Amino acid sequence: MSVLTRRHLLRHAALSASAVPAGRLPMGTATAGVTGAAATAGCDADSEADDERRTAPEAQLGLRFPDGFGWGAATSAYQIEGAAKDDGRGESVWDTFSHTPGRVRGGDTGDVAADHYHRYVEDLDLMRDLGLGTYRFSISWPRIQADGTGTPNQRGLDFYRRLVDGLHDRGIAPMATLFHWDLPQALQDIGGWESREVAYRFADYAEAVFDALGAGVPVWLTINEPKTVVQNGYLGGHHAPGLREPAAAYLVAHHLQLAHGLAVRALRATGSGSRIGPALNLHPCYPADDTPAAAAATRLYDGYENRLYLDPIFRGAYPADVLDDLGPDDRMVRGIRDGDLGIISAPVDLLAVQYYTPIYVTADGGTITRWPTSEASWQQIFPDGMYDILTRVTRDYGDVPLTITENGLPTPDRLGTDGTVDDPGRIAFLRDHLAAVHRAIADGVPLESYHVWSLMDNFEWNEGYEQRWGLIYVDFPTQRRILKRSAHWYRRVIAQNCI
């Protein structure tokens, strides 16, 4: 890896989550270009004569989604479950990280979070009341195998069986993620994702979960955002395991990709009819100016951001420019063994896309800010980036079915004296991004479903409980749940299948 590349990767390693305050959102930037059958009976745009109604965040744009389009919401285990020591759950790297002084804002931990482990029935009823057709959640590896290996913990499996059955009882399709960053600490102690062995341990864990939940889960996602583990966990050090070891970072990337492929093979070996694919956070990269140098730097930056994860899965090879930049002595380059790319490129049934921000790259490989930023300083609010990344994936990698599994933001939500939570900024953000989604579908992107991040307020990794991301407000001292204004708006979107 060149010194220049390493410096900029370290500087811009925090690319995983999203945040934006109300009142700083570009309005209507993704709505142009949708014509024809978009506006149909029952989904009319609000009258231009009614200025107040037309400019409100809830104003209808008259954009109808295809029949059968899936509307959902997403969460992850460590962020909502709590019950950190209940029913045989082991310690994860996030337990260790959050309990280390100075690692998480306010000294917060996920020990209790939103207490979903004990309150899942109430949460399932809220999902039903919102009209969700699909729910994307993750399974806690240390809840299934306390030390990352051996006989699975039946109490942990039983919890997820109850959750899956409860979803089916309410007409909601489960979409389960096998790994959303909560690696068992015992595996970190033997090297974590730097160890090739951990990829094979992951396959064993995946097989145990497949056997236990079977056809009850129609869609499986393997690894959530491997790039975030690499950039935030091994370059920036502000996510678990909290390391700043550039020499290890891309070996970790390879082993995460290997784990993905091994899990795909494990599901196929069961004979299951369920579908499976990865969940990748993708960031469209644009030159900051019109110079050839900026274009070249953008191409390499895109290699590290996107192609490093897409190419091996869909083309069976790592991008040559990234390998050349890393150099022949890089641990990743030396760690690729014969047959690895055949495993990684095992055919998948779908790709889960997570979009939060664009990246503008300068001639020297740095980045600039082009659009209004959010509470997370790395995030620029640019809905058209959603259109660009969706159409790019389809153009470059073919007609693989797509699902959006994360797109959302926190706003400075407060519980009002009248017992309501007003978050118009979230509505405007979601509306504009959904308009971009609609335009992508109209232009031929095979998108099946959309999941808001997130269903409820949660533990936001190194930000603790400072940021609120959910459609549902959680009063953490009492664990009371309250639908925000955005939740009521999203319920209408689902019911009408339009924005």
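In the predicted model, Asp349 counts as partly exposed, its relative accessibility being 24%, and Arg268 is likewise partly exposed, with a relative accessible area of 36%. The side chains of Arg268 and Asp349 meet in a salt bridge, with an N to O distance of 3.0 Å. Because Arg268 belongs to helix H11 (residues 246–269) while Asp349 sits in the loop between H15 and strand E7 (351–354), this pair ties together parts that are 81 residues apart in sequence.

A salt bridge is also formed between Asp340 and Arg196, whose closest N and O atoms are 2.6 Å apart. Asp340 is located in helix H15 (residues 340–344) and Arg196 in helix H9 (residues 196–213), so that the contact connects parts separated by 144 residues in sequence. Asp340 is buried, with a relative accessible area of 1%, and Arg196, at 15%, also falls in the buried class, because that class comprises residues under 20% relative accessible area.

In the salt bridge between Arg468 and Asp457, the closest N and O atoms are 2.6 Å apart. Arg468 and Asp457 both lie in the loop between strand E11 (447–453) and strand E12 (472–475), and the pair therefore ties together parts that are 11 residues apart in sequence. Both of these residues, Arg468 and Asp457, are buried.

Salt bridges also link Asp302, Arg307, Asp321, Arg392, Arg395 and Asp396 in a network. Over the whole structure, the search finds 31 salt bridges.

Key
Residues are numbered from 1 along each chain as its sequence is written. This is a predicted model: local features need pLDDT of at least 70, side-chain atom pairs count only at pLDDT 80 or more; totals for chains, interfaces and linings use all residues. Side-chain values use heavy atoms; hydrogens and water are left out. A salt bridge is a side-chain nitrogen of Lys or Arg within 4 Å of a carboxyl oxygen of Asp or Glu. Helices (H or I, at least four residues) and strands (E, at least two) are DSSP runs, numbered from the N terminus. Buried means under 20% relative accessible area, exposed over 50%, partly exposed in between (1.4 Å probe, protein chains only).
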